[in-house]
Amino acid sequence: ATILAACTFGSASAADLVVGFSQIGSESGWRAAETTLTKQQAEQRGIDLKFADAQQKQENQIKAIRSFIAQGVNAILLAPVVATGWDEVLQEAKDAEIPVILLDRTVDAPKELYLTAVTSDLVHEGNVAGKWLVDTVAGKSCNVVELQGTTGSSPAIDRKKGFEAALAGKDNLKIVRSQTGDFTRTKGKEVMESFLKAEDGGKNICALYAHNDDMAVGAIQAIKEAGLKPGKDILVVSIDAVPDIFQAMAAGEANATVELTPNMAGPAFDVLATYLKDGKEPAKWIQTESKLYTQADDPMKVYEEKKGLGY
Ligand code: GYE
């Protein structure tokens, strides 16, 4: 894997390319920023980007890919909503000699069916979050509730795996409830409400681990409505590092987040330009960085910096 700085704004000449982008939807602030940046990066490079929003449905993504193939685009960007069910349509793209680059999520398909995947190390992100919680609670007993991402998506699978690996062997920490909030604020709030009701109003809950900040922000609302103090009565750790989580941190209502850059398209367009120019195949994985932020990292300053970056 090639590790890239969080914001790689390459400017490889990819002018006149036509690229189809099958985007999952706009379920989170992070995803909206990824879309904004992808359009900006295409514009900067003179790429004609055909954008398709799948409203989080795989069948819409498959339809969009088939449409891009019929249009004869030069390449396809795909943020795969779930990890399985892609082999057939990826084979169709390969047969049409149209390279596919995966953004921010991976697929369970043979690697020769896509050119490369630009993603973070999703297991590592969950592990960083888990290690932060282990260190923060020290030996204190702590019941954890978990808001999972979209069921069957690679981030939901891998962030769970990494978090559980960090808690392995720590008898004082226990995940008592775990359910999908589908990466959205609304669902995150709803599911957290059910966790609070099921856990004696939240008295037994010491921490929330949310697979993204949007679900954490929704859950923070639910914790407050239950009369508890998020960030104090219930620790809050999540992933993405979107601006709103830093506002919550500054208010003492969230504790930690693991950064995911929304600029996956910059590196994708760079390797695509090189590949289309001289056929040089990139590594199958271009890994983006993951950085832990806590309340000690001047959250309002980070909030201001982030606001300008596509959010
Ligand atoms: O964390 C979340 C979005 O695929 C890793 O998808 C990405 C995740 C991201 O809904 O905000």
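Helices, of at least four residues, and strands, of at least two, are taken as DSSP runs and numbered from the N terminus. In the predicted model examined here, E97 is placed in the loop between helix 3 (87-95) and strand 5 (100-103). The backbone of E97 adopts a positive phi of about 55°, although the residue is not a glycine. Most residues other than glycine have a negative phi. E97 counts as exposed because its relative accessibility, 72%, is over 50%. A positive phi, near 55°, is also found for D182, likewise a residue other than glycine. D182 lies in the loop between strand 8 (173-180) and helix 6 and is partly exposed, with a relative accessible area of 25%.

A search of the whole structure returns one disulfide. The bond is formed by C142 and C206, whose sulfur atoms are 1.9 Å apart, and the link is left-handed, with -90° about the S-S bond. The pair joins distant parts of the chain, 64 residues apart: C142 belongs to strand 7 (residues 142-148), whereas C206 occupies the loop between helix 6 (185-198) and strand 9 (207-210). Both cysteines are buried, with relative accessible areas of 1% for C142 and 10% for C206.

The largest nonpolar core comprises 47 residues, and V19, W86, I101 and L103 have the most contacts inside it. Apart from this core lies another, of 29 residues, including F183, I205, I220 and A241. When residues up to four places away in sequence are not counted, V19 touches I47, D48, L49, K50, A75, L77, F269 and L272.

Conventions
Residues numbered from 1 in each chain as written. Predicted model: local features only at pLDDT ≥ 70, side-chain atom pairs only at ≥ 80, totals over all residues. Heavy atoms only, no water. Core = buried A, V, L, I, M, F, W, Y, C linked by side-chain atoms within 4.5 Å. Buried < 20%, exposed > 50% of the residue type's maximum accessible area, 1.4 Å probe, protein only. Contact = heavy atoms within 4.5 Å. Disulfide = S-S within 2.5 Å.
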